[in-house]
Amino acid sequence: MSVLQIHAGPSALKQLRERRLTPADVRIIPGAAGGPKGLILGPLDRYLFGQWLAGSSHTIHLVGASIGAWRMATACLADPVAGFNELSRSYIHQQYEHAPGKLPKAAHVSEVFGTELDRQLGPSIGQILAHPRYRLHIFTSRGRHLLGRQGRLRTPLGYLGAYATNALSRKAMGGWLERVVFSDPRDSLPLKLHDFRTQHVLLNAANFRPSLLASCSIPFWLDAVHDIPGAPRGADWDGGITDYHLHLDYASLNSGVRHSSDLVGKDGDAPGHQGLVLYPHFQPSVVPGWLDKALRHRHRASARLDNVVLLSPHPEWIATLPNAKLPDRSDLQRYGDDLAGRTRGWQIAVDESERLAETFAAWVEGRIDLPVHPLA
């Protein structure tokens, strides 16, 4: 049975056909939004950040939205393996008070979720922001006009407007929502972000917690986070709304001016090889925004993914998991009050996903050959 599949953009594919992927090739690692789906990437994260990349010395940019931002922040801990284990344990066992047959109130979910972020990452904010090699970039979605503040009527009306506008043009959705990137002040994200209305904010100790909470704040499930320090005033929601799978212009990494720490050729990298984006993902397509999920024509690969190497679970392996699918938010309703059933199903999926990490390790170490397919 196939477990892991690998897809690559044209220049990344050419490079991988010439030689094996090495840590020195990697310049960016994205972490997609996707809620519980991200759980199955935990073992891969532990291998990547706990072993494979641990001996490298060059700068790597970690880009995340929603659970992907939580994962990338965890990667910056002094002990990322313990951090990823705790993230997985906490996410699997999450529980919220609610009336029978009702969803939990958004304010309550935000309170519990924020407390958990404080417990896991709060004591280590300084450590995360001062990591010697990693540069963290947290994405949120800031509301404009009706969505500028959260409200009982204005929020659903605003998102209805965003949905209708996005169906016509993704860029036009910028009238309702804009991308906000909270970036490590030592190095800006070395990508062109002209595809969508974008604000840039320096990430610091004062806005780390609110920006990360906002990046995970799914509309109507959690409350928006308002007036984040250092950022434009207003309501910030889940970064996945504007950038569900972070379909960014990664190809621009290899063009124009970059910081010296980002230049390819360090750590024994062969001259002429381009910096690559290593993308552990839960599916082989990179969807631009959350509102694009139903718009299949926007799921296709683009020239912006030219230097991306994407790892994702094979459908054959997914079919062996509980309910023959990845964990997802629908499980919260599928299992209802059967907390034990849901946690058991999610834990089985996480345990089985150790095979993803084992397969990737065997591939990069040259112990097995895996086909690398073009991104489609």
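Arg119 is partly exposed in this predicted model, with a relative accessible area of 43%, where partly exposed denotes a value between buried (under 20% relative accessible area) and exposed (over 50%), computed with a 1.4 Å probe on protein chains only. Glu86 is also partly exposed, at 22% relative accessibility. The two residues form a salt bridge, with the closest N and O atoms 2.3 Å apart; the term refers to a side-chain nitrogen of Lys or Arg within 4 Å of a carboxyl oxygen of Asp or Glu. Glu86 lies in helix α4 (residues 80-92) and Arg119 in helix α5 (residues 106-121), so the pair ties together parts that are 33 residues apart in sequence. Helices (H or I, at least four residues) and strands (E, at least two) are DSSP runs, numbered from the N terminus.

Residues are numbered from 1 along each chain as its sequence is written. Because the model is predicted, local features need pLDDT of at least 70 and side-chain atom pairs count only at pLDDT 80 or more, while totals for chains, interfaces and linings use all residues; side-chain values use heavy atoms, without hydrogens and water.

The count of salt bridges comes to 24. Asp45 and Arg71 form one of them, with an N to O distance of 2.7 Å. Asp45 belongs to helix α2 (residues 42-52) and Arg71 to helix α3 (residues 67-75), so this pair links parts 26 residues apart in sequence. Asp45 is buried, at 1% relative accessibility, and Arg71 is buried as well, at 2%. Salt bridges with shared partners also join Arg170, Arg179, Asp195, Asp243, Asp292, Arg298 and Arg304 into one network.

An α-helix has 3.6 residues a turn, so residues three or four places apart point the same way. Lys14 is exposed, at 55% relative accessible area, whereas Glu18 is partly exposed, at 49%.

Helix α2 is mostly covered, with nine of its eleven residues buried; among them are Leu44, Tyr47, Phe49 and Trp52. Helix α4 has 13 residues and spans 18 Å from its first C-alpha to its last, close to the 18 Å expected at 1.5 Å a residue, the expected span being 1.5 Å times one less than the number of residues. The buried residues of α4 include Phe84, Leu87, Tyr91 and Ile92. They pack against α2, α3, α5 and α11, contact meaning heavy atoms within 4.5 Å.

Arg342 is located in helix α11 (residues 339-352). Arg342 is buried yet has no salt bridge, and Asp331, the nearest side chain of opposite charge, is 7.4 Å away. In this assignment Lys and Arg count as positive and Asp and Glu as negative, with His and the chain ends not counted. A polar atom of the Arg342 side chain lies 2.7 Å from the backbone oxygen of Gln94. Not counting residues up to four places away in sequence, Arg342 touches Tyr91, Ile92, Gln94, Asp331, Leu332 and Tyr335.

The protein contains twelve helices and eleven strands. Of its 376 residues, 59% count as buried. The C-alpha atoms fill a box of roughly 55 × 45 × 45 Å along the principal axes.

Conventions
Polar contact = N/O pair within 3.5 Å; in protein donor to acceptor, adjacent residues only side chain to side chain.
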